[in-house]
Amino acid sequence: MPYLPALEACVLGVLVEDILEEIFERVVKSRIFRNRDILSPDYIPDRLPHRENEIRKVASVLAQALKGSKPSNLFIYGLTGTGKTAVTLYVLRRLEAKARQLGVPVRFSYVNTRQRDTPYKVLADIASSIGVRVPFTGLSTAEVYARIVRGLSRMQGVLIVVLDEVDWLVRRRGDDLLYKLTRIGYELPPGAAKVSIVGITNDVRFVELLDARVRSSLGEEEIVFPPYNAEQLRDILWERAREAFQPGAVDDSVISYCAALAAREHGDARRALDLLRVAGEVAERENADKVTIEHVKKAWSQLERDRVLEVVSTLPLHARLVLLAAIASGAANGYTTTGELYAAYRELASAVGVESVTQRRVSDIINELDMLGILSARVVSRGRYGKTRIITLAADRDTVLEALRRDSRLSELVENLQNPRG
């Protein structure tokens, strides 16, 4: 009966259409969300609770632009999710609006250097912000920089360049671009636009990476953002939840639980917002009437896995080798020491055909992985034998290995670790 396959295809098509219609209707008529975007980390609200002091400090530095003066270069430090970017953009948008009222030419250029991870891309974004067009590729970095200088020479007022996650760029590309930008004023004629730099970083030791000449040009003002505590995170979540969720879709127990989990993760407001948003999405997919603590627990597992995959997948090769060495050398005891890890790292580097870095550099990489929450490194005393650093894996082992396996250079090493021969 030749018409049966066609009939089956028709029935299947109807079923798929019904499923899609159900999904679409569930989202459109959501009993959970009113405006999900308000829980996005990119959303800048009209009020930033518990960051009044930091807003005041950033504004005090940058307000000089309203008089046509070049604000001091500013460096903002703090752990992930402590409101550094939100406060900076909040202040700059208000500053631009005030400048328009006063008729003062002030503008800013925001670049996330983790996403725009080459000097060319950073300069292209700055050029675009002042109306200078450059092609996607095809020019030298020096030519793009020269076009920016020419563009600024024809402008007046103040340009504030924000380099978010600037440590990411410097670690991978060096600090030459940062040096050029801090000294760009010397290449501009009198009366041209003035340029101020705002650097944002999670690494409080970042300045130590810079050449002395860059430090002297850049580090004029510094602000450190402290992490949020659980009570502050609870206030931040409620501020967003009132607008993001339908009435009655979340209660205080859910908000407090999300805040407590995020406070345990170094007071990360971004993490707390992601957790609440994903919990809402889980509840919506389950067609629930409200978000529960069980939905939060499911969201936490999903976010933890996604975070580890993303972080490990973006690490440079030597950081991945250090991570694999930590797993390999700690397999027997559940922990390893710096010396044991370094020996394992050198073997792995040799196996993939790359020259190993120094033990001091590996120690720095361990610190970076500790800061990212992938490794845990703590110093313990061994009595008369002195002190040693104990290193353990802080993230889920299988998730880390899955991320490392995605690198074709490491896939065989990961396979051998999981399935040792003999």
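Q: How many residues apart are Arg 277 and Asp 274 in helix α11, and what does that spacing represent?
A: In this predicted model, Arg 277 and Asp 274 are three residues apart in helix α11, which means that about one helical turn separates them. Their side chains meet in a salt bridge, with N and O 3.1 Å apart.

Q: Are Arg 277 and Asp 274 buried or exposed?
A: A residue is called buried when its relative accessible area is under 20%. Both Arg 277 and Asp 274 are buried.

Q: Where do Lys 298 and Glu 286 lie, and which parts does their salt bridge tie together?
A: The closest N and O atoms of Lys 298 and Glu 286 are 2.7 Å apart, and the two residues form a salt bridge. Lys 298 belongs to helix α12 and Glu 286 to the loop between α11 and α12, so the pair ties together parts twelve residues apart in sequence. Lys 298 counts as partly exposed, with 41% relative accessibility, and Glu 286 is likewise partly exposed at 41%.

Q: Which residues do salt bridges with shared partners join into one network?
A: The network consists of Arg 36, Asp 274, Arg 277 and Glu 281.

Q: In what order do the strands of the open sheet stand?
A: The order of the five strands is β2-β3-β4-β1-β5, and their pairing is parallel. Strands β2 and β5 stand at the edges with a single partner strand each, so one side of each has no neighbour in the sheet. On average, neighbouring strands are turned by 15° against each other, direction ignored.

Q: How many bridges join strand β1 to β5?
A: Five bridges join these parallel strands. Within this pairing, Tyr 77 stands opposite Val 224 in β5. Helix α6 packs on the sheet, where it touches β1, β3 and β4, and its direction makes about 90° with that of β4.

Q: Is Thr 182 buried or exposed?
A: Thr 182, found in helix α7, counts as buried because its relative accessibility is 13%. Its side chain reaches the backbone oxygen of Tyr 179 at 2.8 Å.

Key. Residues are numbered from 1 along each chain as its sequence is written. This is a predicted model: local features need pLDDT of at least 70, side-chain atom pairs count only at pLDDT 80 or more; totals for chains, interfaces and linings use all residues. Side-chain values use heavy atoms; hydrogens and water are left out. Helices (H or I, at least four residues) and strands (E, at least two) are DSSP runs, numbered from the N terminus. Buried means under 20% relative accessible area, exposed over 50%, partly exposed in between (1.4 Å probe, protein chains only). A polar contact is a pair of N or O atoms within 3.5 Å; within protein, one must be able to donate a hydrogen and the other to accept it, and residues adjacent in sequence count only if both atoms are side-chain atoms. Two strands pair if DSSP finds at least two bridges between them. Axes are lines fitted to C-alpha atoms, for helices over the stretch in contact, and angles run from 0 to 180 degrees between N-to-C directions. Contact means heavy atoms within 4.5 Å. A salt bridge is a side-chain nitrogen of Lys or Arg within 4 Å of a carboxyl oxygen of Asp or Glu.
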